[in-house]
Amino acid sequence: MTESGGRDLLGRVALVTGATAGIGEATALALARRGASVVVNGLDERRGAGVVGRIEREGGAAMFCRADVSDAGQVEAMVTAAVDAYGRLDIGFNNAGVSGDGPALVHEYGIDEWRRTIDVNVKGVWLCMKYEIAQMLAQDPAGPSRGVIVNMSSIAGLIASASGAYTASKHAVIGLTKSAALVYAAEGIRINSVCPASIHTPMFDRYAEATPDQVEVWRASHPVGRIGRPEEVADAVLWLCSDGAPFVTGSSLVIDGGWTAQ
């Protein structure tokens, strides 16, 4: 497996949550093409097996691990499985999340919908970091960093969206990322987040199907005049995970086609 970035991640082990579609899938494939062994996480075993199959057909190493990121026992078992299979963990891309579909009005939110959004998008990121960091601290560095973590936020973590739960969750991811980055910088663990705008993923497709009149509005909101591609976010994640970003930690990398520059 080769591409323009070469094999600079050869010998490293990456865990990608929510890796059975969209940005997670694109990132898992890209990490493998750069030489990393990849643990593909998700809830859909069929799709997970498909991603693993693609990686293996291109000559890479991968395994699927089904786990609900909002469940501590399942996350701990997932990290343990990764280490049992590959001996270590060097990269965590905590990408799994839900859209927080619900009423725009805060007072109309149901308790269960609010809790589900926060549990997956915030608690899930925290749990993954909890067990990823513990493993990274216990092992020798494989490069200039002891380990690298990238958390999935959104431009909704920087500005408001109509969904109060989603906006709150993505703001929380940025705060959690910055706090952890400060604490573990001296330990050699770099922790950053990425903040995409509209990206052409299955989640976006569901929105577009439900509100087709909004698609052009979203497209026009990006000064570049189009919706982003999963591979464009994956490229940003790979840079953050690479030895080419050794001085970058606590950052929120915006990938939004100019949306927040307006």
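Me: What makes the place of Asn 192 a strand?
Reply: Asn 192 lies in strand β6, which runs over residues 189–196. Strands are DSSP runs of E with at least two residues, helices are runs of H or I with at least four, and both are numbered from the N terminus. The model is predicted, so local features need pLDDT of at least 70 and side-chain atom pairs count only at pLDDT 80 or more, while totals for chains, interfaces and linings use all residues. Residues are numbered from 1 along each chain as its sequence is written, and side-chain values use heavy atoms, without hydrogens and water.

Me: Why is Asn 192 called buried?
Reply: Its relative accessible area is 0%. Buried means under 20%, exposed means over 50%, and partly exposed lies in between (1.4 Å probe, protein chains only). So Asn 192 counts as buried.

Me: What does Asn 192 touch, not counting residues up to four places away in sequence?
Reply: Its partners include Ile 149, Thr 177, Leu 240, Val 248 and Gly 250. Contact means heavy atoms within 4.5 Å. The C-alpha atoms of Asn 192 and Gly 250 are separated by 5.0 Å, although these residues are 58 residues apart along the chain.

Me: What makes the approach of Val 248 to Asn 192 a polar one?
Reply: The backbone oxygen of Val 248 lies 3.0 Å from a polar side-chain atom of Asn 192. A polar contact is a pair of N or O atoms within 3.5 Å; within protein, one must be able to donate a hydrogen and the other to accept it, and residues adjacent in sequence count only if both atoms are side-chain atoms. The 3.0 Å value is within that limit.

Me: Why do Glu 25 and Arg 54 count as joined by a polar contact?
Reply: Their side chains come to 3.4 Å, which is within the limit, so the name applies. Glu 25 lies in helix α1. At 16% relative accessibility, Glu 25 is buried.

Me: Where is Thr 20, and what does it touch?
Reply: Thr 20 sits in the loop between β1 (13–16) and α1. Among its contacts are Glu 25, Asn 41, Arg 47 and Phe 64. Thr 20 has a relative accessible area of 12%, so it is buried.

Me: How do you know that Tyr 109 and Trp 114 are edge-to-face?
Reply: By the ring rule, the count comes to one aromatic pair. Tyr 109 and Trp 114 form an aromatic pair with 5.6 Å centre to centre and 85° between the planes. Rings of Phe, Tyr and Trp (its six-membered ring) pair if their centres lie within 6.5 Å; planes under 30 degrees apart are stacked, over 60 edge-to-face, and the rest tilted. So the pair is edge-to-face. Tyr 109 is buried at 9% relative accessibility, whereas Trp 114 is partly exposed at 34%.

Me: What makes Lys 130 lie over the face of Tyr 131?
Reply: Lys 130 is at 5.6 Å from the ring centre. A charge sits over a ring if NZ of Lys or CZ of Arg is within 6 Å of the ring centre and within 35 degrees of the ring normal. The 5.6 Å value meets the distance limit.
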